Amino acid sequence: MRYYVSASVYRSGDGSEKYPFKTIREAAKLAMPGDEVIVGAGTYHEYVDPENAGTPDARIVYRSEKPLEAVITGAERATGWEPYEGDTWMIRIGNGVFGDYNPYTVPVAGDWYFATDPVHTGEVYLNDVAMYEVMSLEEVLDPKPFAMSWEPDDITIKKWYTKQDGDSTLIYANFGGADPNKECVEINVRRNCFYPSKEGVGYITFSGFKVTKAATQWAPPTAYQDGMVGPHWSKGWIIEDCEISHSRCSGITLGKYLQPNNDNKWTTKYTKDGTQTERDNIMQAQAEGWSKETIGSHIIRRCHIHHCGQTGIVGHLGGVFSLIEDNHIHHINNKQDLAGAEIGGIKMHAAIDVVYRRNHIHHCTRGLWLDWQAQGTRVTQNLFHDNTPPKGIDITELLGLGEDIFIEVSHGPTLVDNNFLLSPCACRISTQGVAFVHNLIAGSFTWVGYGVMNGGVELPTPRYTPYHMPHRTEVAGFMTILHGDMRVYNNIFVQPEKRDDYIAYAEKYDMVNEYNFEAGTGIYEGYPTAEKYFSNFGPWDPEVEKNRDKFYDVLPVDGAGNLYYNGAKANSTEADAFVDTKNKITIELTDAEDKPKLKTNLFDVLPDTKVKVISSAVLGTAFESEQRFESADGSEIVFDEDYFGEHRSIAPIPGPFADVKEAGKELFIPR
């Protein structure tokens, strides 16, 4: 059955094509497996709570009749502003409009949230641009630029302040000379836009909508994770061809359900640290039915996700076995008014058998953060750039410098292949069990092996995280991260220009050992090869067994077929490394946000080097999880396709292209 919705009808009908509903939520209460909800062009000021689940063979489909012309918003137009003083205006809003959730009394808060100012989940928007909340009326009357923001000063000086007065919310705002009664000014009213209030509403397709401006809450892994759009702990959603923007915290959530006794326990009960509470969350979820049969297997494709405060896509446990492809994700956390350890274009815990492919991720505080349990995860054919602070802003108070990819305390296997990693910090690798194959890497590997010394190589304080049965959610064991267990094949490394402000930042916070600003595998100097590492083990011997430190030494690192330019350094164990000390390589992206093309002289100076074809058989098995570098279905991966999906010969060249003639192609084309 088809239900029709149109915001333009005089009054709501019966949902037929002739007499459509006026709101989407009316159809969402009735739609059953196999039904389709067709939504006409217009703006829908509502929270849509899908009542029923589809089935694997009969999905419930919600579709914008014309792509991106059906808009679901969590905001309302704010009219009736009164002049207060200078460029500052004031509005009084009756709290009844907010129902049981007033975003202007709810602070952004939760585990791993570290910002000091108690900003709210509500925002004020001037012509679709979020303004900056401050903590006093004086800061509105005399606004100053926000030095840490990645946005221009003429945006950061637009400030607002809120307080309660009886049963009303008062907002004071400085619009920089604009008249708010003539411009479009909006405020957040609703927490979510399209999101089931209950768990288990699976097999829904959400297609072609524009979704914007919801008052979402901070989404750490140890709490209920909400977003403007998301499946809320279910299976089989498809979110496609949508534009998702201006969520206070997260745009799309594939996140965790509410565990009342484990919700933000670290910052509410204080007695267990965040790492322990996360272990508690994982084991409780497994006991309560978290499995491949019940949760995950979602698809997010061809979406345009931008200008969200915390993440474009967030998830913990609920995103397992998913596919995230062909999305354009940018300008996430650029305001820098939210700060903590859960920020990025995509921030996913437990990305078990998740594939990230053909995405364009840029101008985010961090591009892709894979935290804990990146097992069977594949990051392939993506374009990353400008995911570190731009020049000219004050970085001294930032919590970190960001990077294209951060892989943290996972046991692997994690596969990174055929990508462009073009930010100054390409990868933060506080982990093990990773393979880098056929990438162009024009930034550093950083935070590799830090903390206490063991065996001559730095290691972190023990941090035990789980690994799982291959291609399943069941926990197979826990172990701390030893670092290493790395494979680096057929990549091109280009040393970027070292920035003085980055070096000063590392020195200020005594993080020189953690923040490496040199590209290449040289950061793994001193790590053993696989041959040397495994030679330490053999039949039980009481004398040898006295040295139990061998079970906690760093794991091996192996590589071959890599090229190094502009001073990028190779690990000395890499016998066939090609280090070019003559040519200066330049790399530039033209039309980087719209039609990115690579402008470089790299392919003019590539050596006539042919390398070996890499496959699962070459990469072998991640050490701790004992799982092969393979596809989610257990099949062999042969890296015979390049960034564009073009076929490689049996004697390929290093890097993400099968042929240098492809260098002139656009690197991302929205579908």
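This is a predicted model: local features need pLDDT of at least 70, side-chain atom pairs count only at pLDDT 80 or more; totals for chains, interfaces and linings use all residues.

1. A count of salt bridges in this chain comes to 38.

2. Because Arg92 belongs to strand S8 (residues 88–94) and Asp165 to strand S12 (residues 159–165), the pair ties together parts that are 73 residues apart in sequence. Arg92 is partly exposed, at a relative accessible area of 46%. Asp165 is also partly exposed, with 35% relative accessibility.

3. A salt bridge also joins the side chains of Arg191 and Asp226, at 2.4 Å from N to O. Arg191 sits in the loop between strand S14 (185–188) and strand S15 (204–207), and Asp226 in the loop between strand S16 (210–212) and strand S17 (238–240), so the contact ties together parts that are 35 residues apart in sequence.

4. In the salt bridge of Arg357 with Glu325, the closest N and O atoms are 2.7 Å apart. Arg357 is in strand S26 (residues 355–357) and Glu325 in strand S23 (residues 323–325); the pair therefore ties together parts that are 32 residues apart in sequence. Arg357 counts as partly exposed at 28% relative accessibility. Glu325 has 8% relative accessibility and is buried, because buried means under 20%.

5. Salt bridges can also share partners: Glu123, Arg248, Lys335 and Asp337 are joined in this way into one network.

6. Which residues form the negative surface patch? They are Asp386, Asp591, Glu593 and Asp594. Asp591 is found in the loop between strand S47 (587–590) and strand S48 (597–600). With a relative accessible area of 57%, Asp591 is exposed.

7. Ser649 lies in the segment after helix H9 (616–619). The residue is partly exposed, its relative accessible area being 43%. Its side chain reaches the backbone oxygen of Ala651 at 3.1 Å. By contrast, Ser649 and Val37 are 612 residues apart along the chain, and their C-alpha atoms are separated by 47 Å.

Note on methods. Residues are numbered from 1 along each chain as its sequence is written. Side-chain values use heavy atoms; hydrogens and water are left out. Patches are made of residues with over 30% relative accessible area and no salt bridge: like charges are joined within 9 Å, nonpolar side chains (Val, Leu, Ile, Met, Phe, Trp, Tyr) within 5 Å. Accessible areas come from the Shrake-Rupley method with a 1.4 Å probe; for residues, only the protein chains shown count as cover. A salt bridge is a side-chain nitrogen of Lys or Arg within 4 Å of a carboxyl oxygen of Asp or Glu. Lys and Arg count as positive and Asp and Glu as negative; His and the chain ends are not counted. The place of a charge is taken as NZ of Lys, CZ of Arg, CG of Asp or CD of Glu. Helices (H or I, at least four residues) and strands (E, at least two) are DSSP runs, numbered from the N terminus. Buried means under 20% relative accessible area, exposed over 50%, partly exposed in between (1.4 Å probe, protein chains only). A polar contact is a pair of N or O atoms within 3.5 Å; within protein, one must be able to donate a hydrogen and the other to accept it, and residues adjacent in sequence count only if both atoms are side-chain atoms.
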